[in-house]
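Me: Could you walk me through this model, with a close look at a single part of it? I'd enjoy one connected account.

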Amino acid sequence: MVGVIKIFQRLRYMKRMGLTHVDTRHEIHKIERHQDLEHYKDIIYQCGKCGTCRTVYQDADWAAVCPSGEFRKFESYYLGGKNLLTWGLTSGKLKWTEHLASIFYSCTVCMACLQQCQIPEIHTYAVEWLMAMREEAVKQGYGPMPEQKLYTEHTMVENNPYMEKHGDRLNWLPSHIKQTPDAKTAYYVGCTSSYREQNVAVATAEILNSLQVDFRIHPNESCCGSPVYMTGQTEKAKKIAEENVKMFKDAGIEKIITSCAGCYRTWKDTYPNKFGLNHGIEVKHLPEFLLDKLKNGELNFSKEFNMKITYHDPCHIGRHMGIYKPPRQVLEKIPGLELLEMKRNRHNAWCCGSGGGVRSAFKDLSAFAANERIEEAKETTAEAIVSCCPFCLNQFKANIKNNEIQALDLSEIVKQII
Amino acid sequence: MIDSKIIVELENVVGKKYVSDQPEIQFLYHYDFVTAEPEGICDISIMPNSAEEVQEIVKLANKHKIPVVPWVSGINFGSIATPRKGGIVVDLRRLNRVLEVNEDDMYAVIEGGTTWADLQGYLEKNHPGLRAGITWSPPGTGIVPSCLCYGMFDLGMLGGSGAEFINGLEVVLGSGDLVKVGSCSLSNYWYGRQPLPDLAGLFIGWEGSTGIVTKAAIKLWPKMPFREDFAALGLTIDKGVPVMLKLSKAGLGICDLVIVNFGWGSSVQELNEKNIAKDAKEANMPDFVGLITTQAYTEKQHEAQCEAIKEICKEGNLRVLSAQEGAEVITPPPMQLWGCWNFSRGGGGQWVGTYCSTRDIVKFYNLAREICLKHEKIPQFYSRILFGGHYVVARTNINFNKNNPEEIKTTRALLKEIHEEVQQLGGVVMYKPPKWAVQTYKNRTLPATTELIEKIKKLLDPNNIMNPGQGIGDD
């Protein structure tokens, strides 16, 4: 009797997270990240297509979480469907087709679905086979999607996916920004801030100057490779990564601060863990960096910023990297600012719809996702939707109609009050 | 293969976006993906957005004599929604709206594709004082199919089986005609199945073979301010069952009473490292676990109820744990429970389920246990006492590796053996049965009963297009 009581008491029911303790199985099943399909084929079929992945689990009024599934509706577009299509493929019941590939590419890889599934291995690892399927699609000649192929070709030549010239990359840089030529810290601007959301780049550089941080921007900074990697083009992305790491190591960079969620995830996680590039460079996302400065007293907000805002968790720092608190902690320190949470937030946040190559290849799906998030932000009565990812910012700006709400980056707010 | 002209006709009904005959879409409808039942075949899937669209689809299917299979999530441990003879799968997921909640009469009018997550979310947001009875199936599964298949809810002690939670229905018949049954057929209220002849029975227990339910009214219940969950532990099932039956007849605000054995409990995750079911004897553990939920309106009432429950358990030599001591696992569903126990054992799960007399619980368990052990499967037993102790559901779950054809074959044989044996018990009738099991009713009913069932089926579905190859009316 005592034994069974102990067993009962070991059950870990977590409020709003269900019965499962989601991270207890790693050693038992010896599943590794970043492997090919073969590695995962014996666990994929455990999925029973039960639909738990479709809605927030026991929270947020069980709201929908999957942009792809909610837009296309058919089960194949939800995680359960993709799990079982993967099983169908690995067990020989299905064959590669253009349509099959397009189903897997109609996904922002936001990982909201994984958060809901209570089967530990699917919860923790499903993104690995979603990515492995993209890799396989490329190997089989069905991926990436035509628009993604175009931007990749451009990136391999001009180091950005925006069809811009590499030589124009630093055009955003105003003359008043002070750089330290031999600094060990680099501000890694990223393509979106360099070419599309230049306010973010300027604001970040000004913040660093205000805080008297010795930094420099590498004159040959290139795309981090995220848009190439996320569309299954691993070899090409690895080549980009190797060049970037060499360039920064050769320059003596020891620390990178970036204002881009995608660049952060790529440098911090993809380079070492997928490509085996243990570059040893410390990587900080801007809110993390600002929070450190706030904590050690080097940063104080002297002015008020009177606005009701809501914070949108970018997938690449949120679910991909587990950063939910630092941006909020920074925002909460800002005098006059009122932070209102959307119903779906943190690990349950609804994706803005731009990631995973979706914005280039599936514009209708991408706009659907953005509009859903904008509506949710408006429901909070916030005056602005604030994020710390220039790609999210750009997506919101492109989809907000009639100035119904503003879109801002955290850096743009901080710049105004220090 | 269905003529492309028919696909165009269907596209004209619901829009091109919501019709597909592509293999990568159909694949998800071919299988139940949980059970050991064979795969089916879906030719076209379609997602209507209104009862009128469902009518148009069924009329077209009649015109072309094509099978129609109503579908919400497609998982039910009996593969009842797996299309057996091809045709059109009518995926009802766009019909998932909660149309009305009547707080006075305590019911919700929902569309046919509404899931537990949909309803729970709606109630939490808009009517926090009310709650639905909910199954232990995952949140993405359908409410209406569960009610129509006599599903069992966590308010089963109050309301009985899922079928008894139904107040009224709106149904597209196999002919394409639309009918309403219950008070809603005479008024705007959906408070009950009175006063005309109770026609809900034309659709309950028929496994989608007489019509497609487009709306249903489901009973709701007040959410009480006080609630406690207990786990009662005992050495053997036969020692624990009488205590649970005593509790079922004692009132005490009990809204849910569940009996599981150690095999079932140990297959739920976190009970052991690999989530593999173990037999109590092998593990040297007590076999009986009773899960008891009580609720009350006042604190004093609640304390008295909890005290009495503990006392009855103590008299029966059961050890009681409160929610704080570990029994919180039965905190209100929906939850993804079975999704956890299928893992590590190959992803497959199926049961032999029965409704039975309270007298047969222990007999059922002993029979099923013996057969499971003979086939080297750990018995996983689960029983829910319903409607104040008037009857119970009992079932034995079997896990298997769904990627292993041999194990699937063995599992099928084992399920059939258990089914045949437990049917010999006096009061045992099938619960959510797959086709091979449901047809055995014909050996047990009066010939006139069988004839009546067949006449009704023919009347409601003259061209036999509704979920053919499944259910009671078609062999």
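Reply: Happy to! The domain bounds used here come from an automatic or database domain assignment. The model itself is predicted. For chain B, that assignment gives domain 1 (4–92), domain 2 (94–222) and domain 3 (226–430). Taken over C-alpha atoms, the centres of domain 1 and domain 3 of chain B are separated by 35 Å. The two domains do meet: 4 residues of domain 1 of chain B are in contact with 10 residues of domain 3 of chain B. On the domain 1 side of that contact in chain B, 3 residues are nonpolar, 1 is polar and none is charged.

Staying with chain B, helix H7 covers residues 237–248, 12 residues in total. From first C-alpha to last, helix H7 of chain B reaches 16 Å, close to the 16 Å expected at 1.5 Å a residue. Its buried residues are Ile237(B), Gly240(B), Val241(B), Val243(B), Met244(B), Leu247(B) and Ser248(B). As background, an α-helix has 3.6 residues a turn, so residues three or four places apart point the same way.

Thr108(A) sits in the loop between helix H6 (98–105) and helix H7 (112–116) of chain A. Thr108(A) counts as buried because 24 other C-beta atoms lie within 10 Å, where the cut-off is 20 or more. Leaving aside residues up to four places away in sequence, Thr108(A) touches Pro67(A), Cys315(A), Cys351(A), Gly353(A), Gly355(A), Gly356(A), Val358(A) and Ala369(A). Ser68(A) is 40 residues away from Thr108(A) along the chain, yet their C-alpha atoms are separated by 7.6 Å.

Definitions and conventions:
Residues numbered from 1 in each chain as written. Chains lettered and ligands numbered in written order. Predicted model: local features only at pLDDT ≥ 70, side-chain atom pairs only at ≥ 80, totals over all residues. Helix = DSSP H or I, 4+ residues; strand = E, 2+ residues; numbered from the N terminus. Expected span 1.5 Å × (residues − 1). Buried ≥ 20, exposed ≤ 12 C-beta atoms within 10 Å, placed from the backbone. Contact = placed C-beta atoms within 7 Å. Nonpolar A, V, L, I, M, F, W, Y, C, P; charged D, E, K, R; others polar.
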